[in-house]
Structures are given as structure tokens and as C-alpha cells.
Amino acid sequence: MRQYMSDDWESITVMGEYLRGIDQAIELVNITLVAFPDLKLHIVDSFCEGNDLDGYKTTMPVLHTATHMGWHPVFGPPTGKRAAWYGMPNTFIKNINGQWK
């Protein structure tokens with residue numbers, strides 16, 4: 001993740017929690033994969049606008065599906081139940097020191 005994402009990464013999670021920094025991104029992924037190890041992402045579409053000089057903004061509607069098989073700080077102990085939720089990542093991609101992030 002550090003190779004492809006900037007250090008000042010930020011997001012608002014599906015729970016409405018504001019996160020900032022690559023360390024929080026890594027923690028979010030690890031917590032999610034412990035609780036939902038069979039997580040699948042289906043990117044429904046992809047929209048991109050921008051240029052090589054200023055960078056690009058992308059929007060990707062995505063459907064997440066998974067089974068709650070591990071402990072999660074919000075959902076608690078595993079239930080074995082299937083879950084599905086929708087997301088709408090907006091990303092900004094820029095060339096930083098010769099690498100697109």
C-alpha cells in the first residue's frame with residue numbers, strides 16, 4: 001500500500017469515520033480482512049477525469065460482499081452472517097516523484 005498510496009491518504013468510511021494517513025489505511029484494511037477474510041469487491045463502473053500534469057480524479061461505485069468470520073471493533077465477535085455494502089471511492093491520482101499515487 002505504501003508503494004501505491006500517498007502518505008496523506010484520507011477517507012470517510014462507510015461508518016462515517018474520518019481517517020487520515022497511510023498507517024490508518026493499512027489498519028483499516030487489516031481490521032476489515034480479519035473480520036471479513038472472504039471479502040470481494042465488485043467495481044460496478046469507473047469514471048476518470050483530468051490530465052497528466054494536474055492529476056486525475058476517479059470515482060468507482062463498488063459493491064462489497066463478505067462473511068463476518070472474525071472479530072470487528074464495530075460488529076463484535078463473528079456471526080457467520082453474509083454482509084453486503086455499497087461504497088463510492090473518489091480518488092485523486094498524481095505523479096509524485098515520477099510515480100503515480
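Trainee: Where is Val-74 placed?
Mentor: Val-74 is in the loop between strand 6 (62-67) and strand 7 (82-87). Strands are DSSP runs of E with at least two residues, helices are runs of H or I with at least four, and both are numbered from the N terminus. This is a predicted model, where local features need pLDDT of at least 70, side-chain atom pairs count only at pLDDT 80 or more, and totals for chains, interfaces and linings use all residues. Residues are numbered from 1 along each chain as its sequence is written, and side-chain values use heavy atoms, leaving out hydrogens and water.

Trainee: Is Val-74 buried or exposed?
Mentor: Exposed, at a relative accessible area of 55%. Buried means under 20%, exposed over 50%, and partly exposed in between, with a 1.4 Å probe and protein chains only.

Trainee: Now the aromatics. How many aromatic pairs are there?
Mentor: The count is 3. Rings of Phe, Tyr and Trp (its six-membered ring) pair if their centres lie within 6.5 Å; planes under 30 degrees apart are stacked, over 60 edge-to-face, the rest tilted.

Trainee: Why is the pair of Phe-36 and Phe-75 edge-to-face?
Mentor: Because their planes are at 80°, with the ring centres 6.2 Å apart. Phe-36 lies in the loop between helix 1 (22-35) and strand 3 (40-43), and Phe-75 in the loop between strand 6 and strand 7, so the pair ties together parts 39 residues apart in sequence.

Trainee: And how accessible are they?
Mentor: Phe-36 is buried, at 5% relative accessible area, while Phe-75 is partly exposed at 45%.

Trainee: Which residues form one aromatic cluster?
Mentor: Phe-36, Phe-75 and Trp-85.
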